[in-house]
Amino acid sequence: MEKFDINTLVRENVKTLKPYSSARDEFEDFDTADMIFLDANENPFENGVNRYPDPQQNNVKQVLAKQKGINLNQILLGNGSDEVLDLLFRAFCEPKKDNIISLPPTYGMYSVLANINDVENKEVLLSEDFQPKVDQILEAVDANTKILFLCSPNNPTGNSFSDESVVALLQNFKGLVVIDEAYIDFSKKESWINELDEYPNLVITQTLSKAYGLAGIRLGICYASAAVISVLNKIKPPYNVNELTQQRAGLRLKETAKINTEIAAIIAQREQLLKVLLNMKFVEKIYPTEANFILVKVDDANKRYDELIAKGIVIRNRTTQALCENCLRLTIGTEAENKKLIEALKLLN
């Protein structure tokens with residue numbers, strides 16, 4: 001691809017922005033055991049959270065950098081992936097002028113954030129087998145198209161996008177290509193993190209909410225070039241990730257064996273549920289999945305959703321989404337939860 005210059009994408013006001021400098025940004029000495037902190041107007045009585053958290057979350061980033069084989073300056077952490085996505089809009093998309101491209105059916109926050117930031121969202125539907133239509137995507141690009149969002153594995157469809165399609169878009173799209181890998185841990189495909197040095201316009205978002213089981217602490221991760229991360233750091237709130245989240249994430253990230261065991265259990269339950277669904281008369285189609293959920297097309301999604309609710313089981317009705325008429329999304333639960341779901345499904349058969 002042509003030489004990529006991040007400055008051609010950054011909003012003019014962001015280029016000249018002087019970020020807020022917090023007390024903890026100005027004092028960066030890590031050997032603080034004997035220091036007396038009278039710089040941040042904090043309550044001095046120690047209770048574990050009376051001090052402001054590390055604004056750069058260095059302890060968590062050090063673990064991630066080692067695990068992913070990248071540098072600290074290629075990582076940004078946010079209050080959930082939604083904050084990371086919002087920062088991308090605010091850094092690179094001029095309201096009422098710029099636009100982004102998303103590929104329905106996909107994660108709904110791309111559209112929501114576009115509306116919040118007053119940025120046009122050009123939607124290019126996926127193909128019938130839920131793959132990007134590369135030619136149509138590139139035809140939709142204009143001089144003000146700043147970001148292309150790819151969710152792979154995709155939500156709500158569960159499938160990953162082909163490597164050929166992603167490479168074609170990375171090579172030919174002149175803006176940022178954001179690959180949302182919230183479900184990558186359940187897939188056999190490798191993360192695109194390994195290609196960060198190859199494609200300077202590549203941005204990857206991941207989360208601790210799915211495979212790591214930390215949805216409640218809200219921690220999202222952005223991996224990109226140091227240049228992109230530097231821009232996002234200029235506009236992020238100074239203390240966007242709280243102390244309790246940093247502590248809990250740091251502990252959980254080190255539980256690699258336990259995490260891998262849980263991922264394997266979820267995948268095993270997914271495969272069991274797939275076999276059962278094959279024998280359900282009301283299931284018309286089962287879509288391939290590389291996530292911790294299964295999308296199925298049924299005879300009547302509203303009816304089947306209500307029937308499962310009546311049996312105490314809450315799933316997601318996706319029938320209103322593009323290309324998902326009469327589709328239900330089933331998240332993979334524990335073995336006991338999966339057993340109850342299967343029993344309920346058999347009663348509907």
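**View 1. The largest cavity holds about 40 Å³ of space.** Here a cavity is a set of points, on a 1 Å grid over the protein atoms alone, where a 1.4 Å probe fits but cannot get out. Points are joined across faces, edges and corners, and the volume is the space filled by probe spheres set on them. This is a predicted model, in which local features need pLDDT of at least 70, side-chain atom pairs count only at pLDDT 80 or more, and totals for chains, interfaces and linings use all residues. Residues are numbered from 1 along each chain as its sequence is written, and side-chain values use heavy atoms, with hydrogens and water left out.

**View 2. Meet the lining of the largest cavity: Ser152, Pro153, Ser160, Phe161, Glu181, Ile184, Lys189, Glu190 and Trp192.** Lining residues have an atom within 4 Å of a grid point. By class, four are nonpolar, two polar and three charged (Ala, Val, Leu, Ile, Met, Phe, Trp, Tyr, Cys and Pro count as nonpolar, Asp, Glu, Lys and Arg as charged, the others, Gly among them, as polar).

View 3. The contact draws 27 residues from domain 1 and 22 residues from domain 2, with contact meaning heavy atoms within 4.5 Å. About 1900 Å² is buried between the two domains (accessible area, 1.4 Å probe, lost on being put together, summed over both). Pro156, Phe186 and Arg252 supply 33% of the area that domain 1 buries against domain 2.

**View 4. Zoom in on the salt bridge of Arg252 and Glu262.** Their closest N and O atoms are 2.7 Å apart; the criterion is a side-chain nitrogen of Lys or Arg within 4 Å of a carboxyl oxygen of Asp or Glu. Between domain 1 and domain 2, the count is one salt bridge.

Conventions
1 Å grid on protein atoms, 1.4 Å probe; cavity = no way out; pocket = protein on both sides within 12 Å on 5 of 7 lines; lining within 4 Å.
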